[in-house]
Amino acid sequence: VCLGTPGRILTVEAPADRPDLRTGIVDFDGVRRPVCLIYTPEADVGDYVIVHVGFAISRVDEDEAARTLAVIRAIPDALAAELGPDGGRP
Amino acid sequence: VKYLDEYRDPQLARRLLDELRAVATAPWTIMEVCGGQTHTIVRQGIDELLPAGIRMIHGPGCPVCVTPLAMVDKAVAIAAQQGVIFTSYGDMLRVPGSTGDLVGVKARGGDVRVVYSPLDAVRIATANPDRQVVFFAVGFETTAPANAMAVLHAAHTGLTNFSVLVSHVLVPPAITAILDAPDNEVRGFLAAGHVCAVMGFTEYEPIAARYRVPIVVTGFEPLDLIEGILMTVRQLEEGRAEVENQYVRAVRRTGNTAAQDAIRQVFTVSARTWRGIGEIPASGLALAPRYAEFDAERRFAVDGLTAGEDPACIAGDILRGTRLPTDCAAYGTACTPRRPLGAPMISAEGTCAAFYGAGRVGRA
């Protein structure tokens, strides 16, 4: 029930009389599903969104995603340092 | 897949674990509230890779597991009625009530259908105007916006044959209940990232301050979880008790305000009984009075039968985190995902099912 999945928006559409009722086709690693985008008005084609039970609840912030990884990558690799630049091979 | 694979990099996980070993000087007990996080922690064996002394307790964040017996009984009673199409998320179907489950109703000829989204249930109602369509609206704050929109959509289109059986629960009151328990051992929390994507995390700030407990909003991939644990331990070691956000890529402090507006429009906060835990004040959502006509409990006069739980099941202790599935005599023997005695063995988010799926062996 509670498992959210990130997916990439392929298309967006809305009825002419209700532009806020946006839906889109979202690609989850090859599986494409219709998703309601009413709660993520800022999300557009090409964006990644977190989807729960057919609704996008959050747009993934690409800059923050990269920053989180950069912080983790900046942690010194103790094992690599011990083994040396040649990976410990003789 | 982008935003999944890169947060599963084993090299980076090792660096984070090394950092954690360097930071942790004392034993600390930390609870991850969300069943989705429990699943990743147990499946990846993250709890077994942590430094000795850092203990993870698996919290009550499995909606299927905490939906009270009386509510399951109501679902079974409504689903068995003539002319009803009962719709539900798939993992509610095998949750045992006092006299049976929804699969049993289906086997006896009841029209029970699994839906992926509550809007599917609305669609079924539109297509079957001569039938009563009921949706079992369970879940935490993550499913509430979807369930709220189903009601709003039904109201907007004037559907008279659609109703919802609501059993919604909220995370912050559960955290407070755990902290208030006299035997509480939890010193820090990983807050559920997707709940906070909807609600933001301002609700947790007074809890962190009042109970002097760090709360770190955390994502669901292995690197997210190890970093969330690292951030929690760092706070504990430094004597801080703040709300921090590890899952910055998906969670803003104020959450998703459009989703919150829909929740507030359709639901009001109410007391809820949590299976295995008991009643917690202001810990759930009920339909607001103006949408009472969509309340399945009013439309179908059914009372929950309240025979007891299976006496062999220790689900209450599992949900409070005071015992592990492997402490249970029935785990893996009398109770398996194929023949579950209690709800935590059913849902993929349940602690017992996560342990069983990862091949953890019982010691009872």
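Me: In S7(B), which residue is the bridge partner of Ile30(B)?
Reply: That would be Gly188(B) in S7(B). Strands here are DSSP runs of E with at least two residues, helices are runs of H or I with at least four, and both are numbered from the N terminus. One thing to keep in mind is that this is a predicted model, where local features need pLDDT of at least 70, side-chain atom pairs count only at pLDDT 80 or more, and totals for chains, interfaces and linings use all residues. Residues are numbered from 1 along each chain as its sequence is written, chains are lettered from A and ligands numbered from 1 in the order in which they are written, and side-chain values use heavy atoms, with hydrogens and water left out.

Me: How many bridges join S1(B) and strand S7 of chain B?
Reply: There are 3, in the parallel sense, with S7 covering residues 188–192. Two strands count as paired if DSSP finds at least two bridges between them.

Me: And what about S1(B) and S2?
Reply: S1(B) also pairs with strand S2 (residues 54–61) of chain B, in the parallel sense over 6 bridges. There, Cys34(B) stands opposite Gly61(B).

Me: Where is Met56(B)?
Reply: Met56(B) lies in strand S2 of chain B, and it counts as buried at 7% relative accessibility.

Me: What does Met56(B) touch?
Reply: Leaving out residues up to four places away in sequence, its contacts include Ile30(B), Glu32(B), Leu190(B) and Ile229(B). Contact means heavy atoms within 4.5 Å.

Me: Switching topic, how many residues does the contact take from chain A and from chain B?
Reply: Chain A gives 37 residues and chain B gives 45. The area buried between them is about 3,800 Å², with carbon and sulfur atoms giving 66%. Buried area is the accessible area (1.4 Å probe) that two parts lose on being put together, summed over both.

Me: How many residue pairs are in polar contact between chain A and chain B?
Reply: The count is 13, with both residues at pLDDT 80 or more. A polar contact is a pair of N or O atoms within 3.5 Å; within protein, one must be able to donate a hydrogen and the other to accept it, and residues adjacent in sequence count only if both atoms are side-chain atoms.

Me: Which element gives the most to chain A's side?
Reply: H1(A), with 8 residues on the side that touches chain B.

Note on methods. Buried < 20%, exposed > 50% of the residue type's maximum accessible area, 1.4 Å probe, protein only.
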